[in-house]
Amino acid sequence: MTEVAVDLTKRPSWTSDQDVRWCPGCGDYGILAAMQFMHAELAEDPATLVKPEDTVFVSGIGCAARFPYYMDTYGMHTIHGRSPAIATGLALARPDLNVWVVGGDGDMLSIGGNHLIHALRRNVNLTILLFNNQIYGLTKGQYSPTSEVGKVTKSTPAGSIDPPFNPISLAVGARATFVARTHDLDRKHMIDVFKQAHAHKGASLVEIYQNCNVFNDGAFDAITKRAARDEMMINLVDGEPIRFGAENDKGVVITNGRAEVVKVDDVGVDALVVHRNDADPSVSFALAELANDRQSPTPFGVFRAVDAPEYTEAMDSQLAAAQANGPGDLHDLLTSGATWTV
Amino acid sequence: MQLTGDRFTSTSALVGNDIATLPEFPAEIRAPQGTLAGVSAFQVHISDHDIHTPGDISDVLVAMNPAALKSQLIRLKGGGTILLNSDAFDERNLEKCGYEADPRLDGSLDGYTVHEIAMNKLTVEATADLDVKKRDAERSKNFFALGVVSWMYTRPLEPTIEWVESKFASRPAVVSANVSALKAGHAYGETTEMFANQYVVEAAPAKPGTYTNITGNTATAWGMIAAGQLSGLPVFLGSYPITPASDILHELSRHKNFGVKTFQAEDEIAGAGAALGAAFGGALAFTTTSGPGIALKGETIGLALSMELPLVIIDVQRGGPSTGLPTKTEASDLMMAMYGRHGESPMPVVAANSPSDCFFAAIEACRLALKYRTPVMLLTDGYLATGAEPWRLPDVADLPDISVEFTTAPNATDDEGNPTFLSFMRDEDTLARPWAIPGTPGLEHRLGGLEKADGTGNVSYDPGNHELMTQLREAKVNGIAADIPLVEVDGDGDGDVLLVGWGGTLGSITSAVNRMRDEGMKVDRIHLTHIHPFAANLGDILRSYRRVLVPELNRGQLVRLLRAEFLVDATPLSKVQGLPFTGEEIVNATKALLEVTA
Ligand code: SF4
């Protein structure tokens, strides 16, 4: 067999031979490109290089869940909602791998909500990408657990009456050790957040605002379109006061546990919240709750990143302790109870 | 009472008796004491010869309260001996279980030999010198009862004393109370003139070897550990607690020195899912469950089937449907194992037939899963799982090698002549696809639940391909028939009737057949370990008998498969009481069949 030299610093080395089948114009294309470019960038430095053979993308069902087919790595396209559980087993059996989990809002928050919160609270070493388009795409346009109240869809002709989940609040509530938000129109921002999530030891949740141009077009336009960004996107930077606006004239304060947007001039710079990745979860929660609609200034970037014991390491250290006096012996096991000889 | 029964069993096994047990306990953890629903019973059969069941009826009944007497008296033979705790026969307890009059006084125990023993009082007296409260002392009364029965049956006390000392090592007061009660019970048997005779049950003649006493759940767990050693793969268990399967998880969790990873998931689905993820990573992966849990695993089993990854699913069957009878046995998940998935989804089904056979059945399920890259269902049941028997330990060197090779290099060439990896290119003999695990450079591939193109494994909606893949998956499983032992007939091969069993009924059927042969009847018997696919010679065997009787602890599931597959006129014998067959039930049914078809 001849070795085919592949240059992992180039995007095509991370691109599989499968035809991508998302609708033209779908936000998923941008996310896929960012993921491929990110791996190419990591390959430029031997210290950050991850190999395709050591990388696995695990997904459930939905448009987003087709993602693994398009990465030239190992992959599993599994069952609706179950990807965090399946990925957990893979990560436990193979702590040496980089395991990514990809799913949409229906996959992760509706049918798979239980698996998601448990993967997060256990802090298994998984990087979970939640493509939030606030709609069911693959089943052709029903409201999702992140759709706004009043949403008119095929299954809610009179408008949805379900209050939605805020994925960031949910993840913080599950005591996730890494929580971030990015969006499909900014490749640089995506790559930066993906890199941090990937480097984090433990479970990371990245919410990606993703446009479904067929069933929910423009859901995030008021926030993520280039012209709106300055006034509507709040960039969270560790160690910096939270400020935004074209004139950098707005900021965020937390009063009685509640975050609010203020004019900097009204309160003074010192009153602004200084963002800390390792702040108390109540602070992360307050920031997450700042925006629960599509019209308010919305925080992006890393909400939370804290060090905590990682699950696969804890499991492996229990195994190592049990094997301290050598590996198990089958004969010893069989004779470990009371025995008698005839 | 479970603990007391367990100690009596272990000691009997140690002195070389053959044993069979039937533990019976309520599904509730602290079921109201003194009520019929709260009775915890333990039936043990000890013998100086080979036995197969816990026995149809008992010689001795120990009743710690009126409820126990009321619920268990039907299991005592006429003229049998009753030891009852007279301290518990007060008005309140009698009323609790619905006795209108004291059964000791109204003649309902006439015909039995009744020994009334004030067990609470005697236990408190025996522990009087110790620093224990009266209420705590009374808790040791089961050990007093065990002492009495140990005297009756000449069992040594030492193994139980040693056991108490190690079990309660951190609570010396409990050790001394239990040991004093045990000894006092024994002394009571010796000194009172209550008992006319003492029984000596000699060791059963057994094949030479080293024996241990084992339950089905422990044997299953050990079988999975052994399969890991025999395959050279790390064992991974994804599970969720459920009665009566949890003990497999508990046992596995104690043996991390074998590199076994156990994961208690958030639910049944995640338990199965995590196992499947581990299988993709190259582990020998399995999941355990019972009752409704098996329904929740269906979608993951379907995915394993579609991805063609090895996965062992262990179903400790219990009474259903729904929550049903959590602590009682039944064999009613056979159709579920066969067909309980959507789509055309055949998978191998293996059934264990005795507590110790769970060990070998687990290894066999793993062998098939690994070799054929398929989910395999292993069926045990509540009776096997919690019942115990002496087990002649196998020589580890005699266990089969079940190792398989991972694929580490491309297995094909593409149109341009470059080496490539086709994830669904099958082995010609087994039809198994290659198993290449993450970490292997150059073999990156994606598996999914969407239909895959033959060979490449790419997503395919092609009509002809789907039919081909459906047939290939089926042919792969059917082909296993050539890789499993033929069924062996127990008998001369020309009996008037053939009894066909599967799973945990082996003991009941064997003892029934032995009884019928003693009566001069010509009865043959087979017992199935592999239910899907069937052994290659099964059809010929069935067709060579005029009468076929299929005893099952369900409403006739195997019998339907046999009739459908082989067009034989097999007759069902059904029982769904949460209890094993008695030998008598099988004998009577066989005689009835012979009569109507004479
Ligand atoms: S339906 Fe929406 S989310 Fe799905 S591929 Fe089309 S545009 Fe993308």
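User: Which residue of β2(A) is the bridge partner of Val58(A)?

Analyst: In β2(A), Val58(A) has Met76(A) as its bridge partner, and Phe57(A) has Gly75(A). This is a predicted model, in which local features need pLDDT of at least 70 and side-chain atom pairs count only at pLDDT 80 or more, while totals for chains, interfaces and linings use all residues. Residues are numbered from 1 along each chain as its sequence is written, chains are lettered from A and ligands numbered from 1 in the order in which they are written, and side-chain values use heavy atoms, with hydrogens and water left out.

User: How do you know that β1 and β2 of chain A pair?

Analyst: Strands (DSSP runs of E, at least two residues, just as helices are runs of H or I of at least four, numbered from the N terminus) pair if DSSP finds at least two bridges between them. Strand β1 (residues 55-59) and strand β2 (residues 74-77), both of chain A, have 4 bridges in the parallel sense, so they meet that condition. With strand β3 (residues 98-104) of chain A, β1(A) pairs in the parallel sense over 5 bridges, and there Ser59(A) has Val102(A) as its bridge partner.

User: What makes β1(A) mostly covered?

Analyst: A residue is buried under 20% relative accessible area, exposed over 50% and partly exposed in between, with a 1.4 Å probe and protein chains only; in β1(A), 5 of 5 residues are buried. Thr55(A), Phe57(A) and Ser59(A) point one way from the strand, Val56(A) and Val58(A) the other way, and all are buried.

User: Why is the ring pair of Trp22(A) and Tyr70(A) called edge-to-face?

Analyst: There are 19 aromatic pairs over all chains. Rings of Phe, Tyr and Trp (its six-membered ring) pair if their centres lie within 6.5 Å, and planes under 30 degrees apart count as stacked, over 60 as edge-to-face and the rest as tilted. The centres of Trp22(A) and Tyr70(A) are 5.0 Å apart and the planes stand at 80 degrees, so this pair is edge-to-face. Because Trp22(A) lies in the segment before α1 (28-42) of chain A and Tyr70(A) in the loop between β1 and β2 of chain A, the pair ties together parts that are 48 residues apart in sequence.

User: Are Trp22(A) and Tyr70(A) buried or exposed, and how do you know that?

Analyst: Trp22(A) has a relative accessible area of 7% and is therefore buried, and Tyr70(A), at 4%, counts as buried too.

User: What makes the pair of Phe67(A) and Phe131(A) edge-to-face?

Analyst: The ring centres of Phe67(A) and Phe131(A) are 5.7 Å apart and the planes are at 90 degrees, so the pair is edge-to-face. Phe67(A) is in the loop between β1 and β2 of chain A and Phe131(A) in strand β4 (residues 127-132) of chain A, 64 residues apart. Phe67(A) is buried, with a relative accessible area of 0%, and Phe131(A), at 0%, counts as buried as well. Ring pairs link Trp22(A), Tyr29(A), Phe57(A), Phe67(A), Tyr70(A), Trp100(A) and Phe131(A) into a cluster.
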